[in-house]
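This report covers a two-chain model. It starts with the contact between the chains, then turns to cores and local features.

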Amino acid sequence: MGSGISDAFDMNAGDSIGELPGKPVEVSSNPAEWLKKNLFANIANTLLTVVGGIATVLVLRGVLNFVFSEERRWDAVRTNLRALMTLAYPESQYARIWVSVAVLVTLVGLSSGLWANWGTIRVQRLCRWGMSLGGFIILCILLREPSVLLDSNGIVLRDSFSEPVRESFSSAMMSRSTWWIVGISFGGSGLAGWYRLDSTGRTKTVSATSTVLVPLGVLVVSLWVAPYGHYAYSDGLFIAEPGERVALSTSIPWTWLYLLLLATMVLGRFVRNSDLAGIAKTLVNVSWVISPFVLYWVILRDPDFDYAHVVSTDLPMGLLFGFLGSIILWWLTRSTGETARIFAVCLVGIAGFNWVAAAFGWYPMLQKARISFLLLAVAALLAPNFVGELAKRKKLVTYWLTTMLLVHYMATTINSPSTVDISSSEFLGGLSITLFVAALTIMFSFPLGVLLALGRTSKFPIFRVLSTGYIEIIRGVPLITILIFFSVMVPLFLPRGMELAELAAAITGYTLFSAAYLAENVRGGLQSVRNGQFEAADALGLTSVQRTGFIVLPQALRVSIPPLVGQVIATYKETSLLAIIGIFDFLRVANSAIPSQTAFLGVKREGLLVVSAIYFIFAFTTSKYSQRLERRLGVGER
Amino acid sequence: MADTARSSLTQSRPPFYRDVTVVKWVVQIFVLAVVIGSMFFLASEAGDNLRASNVPTDYDFLSVNPGIDLSEGIDRDPDTGGRALWVGMVNTLRMALAGIALATFVGVIIGLCRLSNNWLLNKIGSAYVELIRNVPLLVQILLYGSVFANLPRVTQSVGPISGWLHLSNKGLSVPRFHIADGFYQWAIVVMVGLVLANYVRKKRVGIQDLTGDDTRPIRSALLVLLGVSAVGWFVHPVFGFLNTPLRQISEGISLIPQAAVQVALAVVALALAVRWVIKFLDARRSPAGLAKLTDDDYFRIIFALAGALIMVFVVLILWPGLSSWLLNAVSDFFTVLSEKFGNGRSGRPLDVALPDVIQVGKFPNYGPSGLNLSIGFAAVFFGVVFYTAAFIAEIVRGGVLAVPRGQSEAANALGLRRWTVLRRVILPQAARNMLPPLGNQYLNLAKNTSLAIAVGYSDIVQVGQTVYNQTGKTLPVVSIWMLFYLSCSLTISVVVNFFNVRTKIVER
């Protein structure tokens, strides 16, 4: 599935279409003409401009005064930054967090190097961004009201009406010199570029990658030189040293991560032009899919293997399934025939019966044996597609062995206790748990959503009624009721003796909810596949499974990429509801953990603002990036 | 020739396990059995577990005093669990309806801003949409809530406009328009006015069509309505006589035996199903005779008949109380209505009460006379309104952009003014594109009000949670939530569909 989408993206990744082809290059007009045309075209327009301008100034001024007010306790957020990201992950094992980030950075770097589909940006556009950013900063400097004066004890000075005394306008402007420099340098460079370049120079392009990497590099370098202040919380002690540089424990990892990003990007570029490109892409795709599991259960949770049990039970079982399964699959793929199908159906029956037995507790069996049986049945069902040449049969066996290795390793890992020293039940919290839940939800709801969409469009009435009913019921009720249902009710539904962690219950609820919406998006894509495609597939003599898998779904998914990306963003935003059902995601940290610390009693708005900013940055960049991809690949236009 | 072909076909019929029809139905029935089986299994497990923990699943709590206080609503101290949930439902509906109205207003304005040629307005619109759309609603609600909670405290002379508009950490208090004594009597007059106005409008339109003069039908109809309402404001006590006939209707309904209603409902269910089947068969009948019915068609027919039979079973045997409940509800409705008439009602139909500040005990607080928006209500309300408005703005923009450019060019060529082009040509066509996604957004808004639980506004979810925390009846409460939201969704989709059908292009 992952590779299907990436392949769709990769269709014309080779050529670098930057902007829309049909878009005319704007001829530069002088500022007066531009103002007249865009702001003061006629009386009504002028009136609107004035009203809009006043409203903007008032709102912007209110926001600035709110954010930079002397009442704001931004040190609460700075001190608790670590809590916002990872909650109470122990200091002694913090290297694991950095390793996880490094893994993600590596994957990002490799993918962007391998696919290289970021395109280019016109210099003209960069100049415009510089001018707008500079202008915006200068406007903000002018609009913010002068700050209050403090006496020697750091208490706000008040006049006879007990209003705070503010410094004069001119000294306020002087004290914002750093911001002046930043604003003028942005605006000035944009302006200079705009007027220095002639029309051919302005239409020149630079790669989008460098427009991202250079500012990131500047930020990383500034960690070493700029006095951001040193804030920390350790052993119940709050450290706040404004004016210092950030601690080395922050700047060193970020510098390494930046270098790692550069290196992996270069590596990706290098591999892209070699023969290994195909296999590297597959590997990166698979790594993306398994990364949440590996990061959470292997790297961050650090399993404490019981080696006696591993050698006596886990390893033999894995080997047994791996080798016996390989032999069975090898035998099934020797030639096309009825036997293979009948055998596969029998396997499905056994696998299904295993689960019924589990439900009624008839005979004990390790859960992973049941899962392996089920996977073997699925592989057997797929076997007819791998009949024939030796290479194909080898491929199936390789897939099988890799899957078994991963499944049995992960199952053993999940069953082992954690070595991370933490008192609460959940060892992770904050932003990391938000991202983890979002990743798992998207991953699990995708296949379920596709199945539901196929069910809803299928010719089988019972399937259609079942999927339609499910989708409509789920879409008719709010997410929060489903989450409460799952966090409160799931313990009741399970057979006695079986337990499901709170987080698992929440992810189940999210998955079931998100799948219904995803199904509707995929259904839109399915309906856009034209009838001729079905008829052509039938004319070729494909079975209905082959037709769906190789002809219909790839086209449908390609069309539904834009709504699917929208669904991904929606899912990510919905993870904020974790805070309501009592999981410490970063919204809950900002909303209830920080305000209950004695040093920052009731300090809530600062944390919430930071949380909104983080949500905004993730969601906004994702949507802009996907829009860029859509435009460049013409998704939805063919 | 044909015979041999057929016989060869029958001879080469595949074995049953490869026969498409057989496999298709076997697989479907198997999956259905698995789904029903696992649901049955889960339900039985839940039943066992509930019995083990001594929490039987029943709905008795609906008529027992839950002993909870609600933060706001039509009844702060409900007598029964059912009443508490009802208050929650009313709160949800109130928030959803007000939210839909304001969100549409804000959304249309922002959407028009985004379409404007004016650079500044355009940028304001884009900034609004991008900022609001990319921050989760829950975060916004919490942020608004914490900002409102830090407003100044209530004092006896609280601002900004003392006596008219109060804003403090207890919320917002503004003058309240409310229904007074003579409202229902006056409503009768207004209804008569509506009929008259409609008649005048039709007449005027007729004259306009005939002569080509601008007779201003809408304006004259509004004038008539206003005139009649104004007269009715003073003469409405005349309709006090309606008290007696309404009470008689109510008494008459309560005389109907329950069995008659049961039989009537059963007959209606059966008749509807039979009518549907007949129509269904008619649709498949052509001059050449009845078309061959597919499996699917049989399935639908069986489904319709089975549904009707289940309804009959429910009405007659499973839940006879439904019929008497219906009877009582209708009869009560007329009783309540009759009490609104007569009894010396001669006051103003509508009245306005200014907000007040009272001091019971130590701290001053808003009194009951003004329209008070609590902090919780304001946070959720502005949260859902701003959030939904961003999506509505995008829908408006998309809808307008989807109108072919030729339409506005043609309208310009006719010499219509800009505003007329927008009002008469662009927006009506855009509305057609906008309706289905707009309905979706209204639905989302209604569902999103459930986030009120985060700031403690007493909506259905928050009240439900309080109730099941008190009584332990989680499953019944969850089932009531689901039913409530599903019926809201259904209502909104029915309304939207109605307008959708009305605005659709008539195709031949």
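Two residues are in contact if their C-beta atoms, placed from the backbone, lie within 7 Å. By that rule, 44 residues of chain A are in contact with 44 residues of chain B. Helix 26 (605–633) of chain A is one of the helices that each supply at least two residues to the chain A side. Helix 26 of chain A gives the largest share of that side, nine residues. The chain A side divides into 30 nonpolar, 11 polar and three charged residues. Here Ala, Val, Leu, Ile, Met, Phe, Trp, Tyr, Cys and Pro count as nonpolar, Asp, Glu, Lys and Arg as charged, and the others, Gly among them, as polar. Helices (H or I, at least four residues) and strands (E, at least two) are DSSP runs, numbered from the N terminus.

This is a predicted model: local features need pLDDT of at least 70, side-chain atom pairs count only at pLDDT 80 or more, and totals for chains, interfaces and linings use all residues. Residues are numbered from 1 along each chain as its sequence is written, and chains are lettered from A and ligands numbered from 1 in the order in which they are written.

Next, the cores. A nonpolar core is a set of buried Ala, Val, Leu, Ile, Met, Phe, Trp, Tyr and Cys residues joined through C-beta atoms within 7 Å. A residue is buried if 20 or more other C-beta atoms lie within 10 Å of its own, exposed if 12 or fewer, and partly exposed in between, with C-beta atoms placed from the backbone. The largest core has 148 residues, of which B:Ile141 and B:Val380 touch the most other members. Helix 12 (residues 375–401) of chain B contributes the largest share, 17 residues. A second, separate core of 15 residues includes A:Phe321 and A:Trp400.

Helix 13 (residues 277–300) of chain A has a kink of about 50° at A:Ile290, shortly before A:Pro292. The bend is the angle between axes fitted to the seven residues ending there and the seven starting there. Buried residues of helix 13 include A:Lys281 and A:Asn285.

Two strands pair if DSSP finds at least two bridges between them.

| Strands of chain B | Bridges | Direction |
|---|---|---|
| strand 1 (residues 160–161) and strand 2 | two | antiparallel |
| strand 2 and strand 3 (residues 171–174) | three | antiparallel |
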